[in-house]
Amino acid sequence: MSNAHHSHQDLLPGGGEDEGESWLISYLDVLTLLITLFVLLLSLAGNGLGERGQQFAGESPTLSESAIAAAAHAAGSRSAGLQPRHSGLLPQLEGLMPEGVSVTRGNEGVTLRIDDNLLFASGQADLTGDGRQVLESLLGTLLAFDGRISVEGHTDDVPIATPRFPSNWELSGARAIAVVRYLQEQDIPESQLRAIGYADTQPLESNETAEGRAANRRVELVLHEGPRR
């Protein structure tokens, strides 16, 4: 397990407390800079024409080269903050994921999507031996990430009615909890983790086909890149 822990150690920078606001702050900084530059240009144009009169009416006032260079440097520095800190993460993770595990980026962060049959027997919520091995292969990435991790259980729309799972709500929630408990046992702080059961409310494909239902039965680990809540 120690090798798995170190294999992904450098892939994920920490999800610091200011990360969630950095996009908005950087974007507003860029807008502020552009507006300031526009006002400055208008001011120079007005002053230049007023002071020099008609003899310069056909000329356009210009900024000095040093002023232009300074403005360009400032704009470049500000716009750099708009680039996501994990822009190179997806290609690296995609090459490391075992078969049946996919990586996608969503609005809230990076999602590790795991087919349910890799983790559980049909209609059950106890991790299989193979399921534990799949999660173990992800531990290096998860341990290196210090942001919030949501474990989300999903099912297809085929009803279930057993004493333990009266509906798909109970099944999806129990599966998410089983994964969370395993991650806690592997020293991922419980303050980082949360378990959510969605039943069949968020399908990826149509439930009209066997392939679609198989795609909808899954567990997703969402690595939130913003601050913890």
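1. Asparagine 216 is placed in helix α7, which covers residues 210–216; helices here are DSSP runs of H or I with at least four residues, strands are runs of E with at least two, and both are numbered from the N terminus. The model is a predicted one, in which local features need pLDDT of at least 70 and side-chain atom pairs count only at pLDDT 80 or more, while totals for chains, interfaces and linings use all residues. Residues are numbered from 1 along each chain as its sequence is written, and side-chain values use heavy atoms, with hydrogens and water left out.

2. Asparagine 216 has a relative accessible area of 0% and is therefore buried, a term that means under 20% relative accessible area, with exposed over 50% and partly exposed in between (1.4 Å probe, protein chains only). Not counting residues up to four places away in sequence, asparagine 216 touches His154, Thr155, Asp156, Pro203, Leu204, Glu205, Ser206 and Asn207, where contact means heavy atoms within 4.5 Å.

3. Aspartate 156, one of the residues that asparagine 216 touches, is found in the loop between β3 (149–154) and α6 (168–185). Aspartate 156 also counts as buried, at 7% relative accessibility. Its side chain reaches the backbone nitrogen of valine 158 at 3.1 Å. With residues up to four places away in sequence set aside, the contacts of aspartate 156 are Asn168, Asp200, Asn207, Arg213, Asn216 and Arg217.

4. Taken as a whole, the chain has seven helices and five strands, which follow one another along the sequence in the pattern α-α-α-α-β-β-α-β-α-β-α-β. The five strands form an open sheet in the order β1-β2-β5-β3-β4, with mixed pairing; two strands pair if DSSP finds at least two bridges between them. Because β1 and β4 (193–197) stand at the edges, each with a single partner strand, one side of each is left without a neighbour in the sheet. From one strand to the next, the twist averages 20°.

5. Between β3 and β4, which run parallel, there are five bridges, and glycine 153 stands opposite glycine 197 in β4. Helix α5 packs on the sheet, where it touches β1, β2, β3 and β5, and its direction makes about 170° with that of β2. Helix α6 lies across β3, β4 and β5, running at about 165° to β4; these angles run from 0 to 180 degrees between N-to-C directions, with axes fitted to C-alpha atoms, for helices over the stretch in contact.

6. Leaving aside neighbours within four places in sequence, valine 179 is in contact with Leu119, Phe120, Leu127, Leu135, Val151, Val219 and Leu221.

7. Over the 229 residues of the chain, 34% are buried. Of the contacts in the chain with a separation of 6 or more, 70% are between residues 24 or more positions apart.

How values were computed: A polar contact is a pair of N or O atoms within 3.5 Å; within protein, one must be able to donate a hydrogen and the other to accept it, and residues adjacent in sequence count only if both atoms are side-chain atoms.
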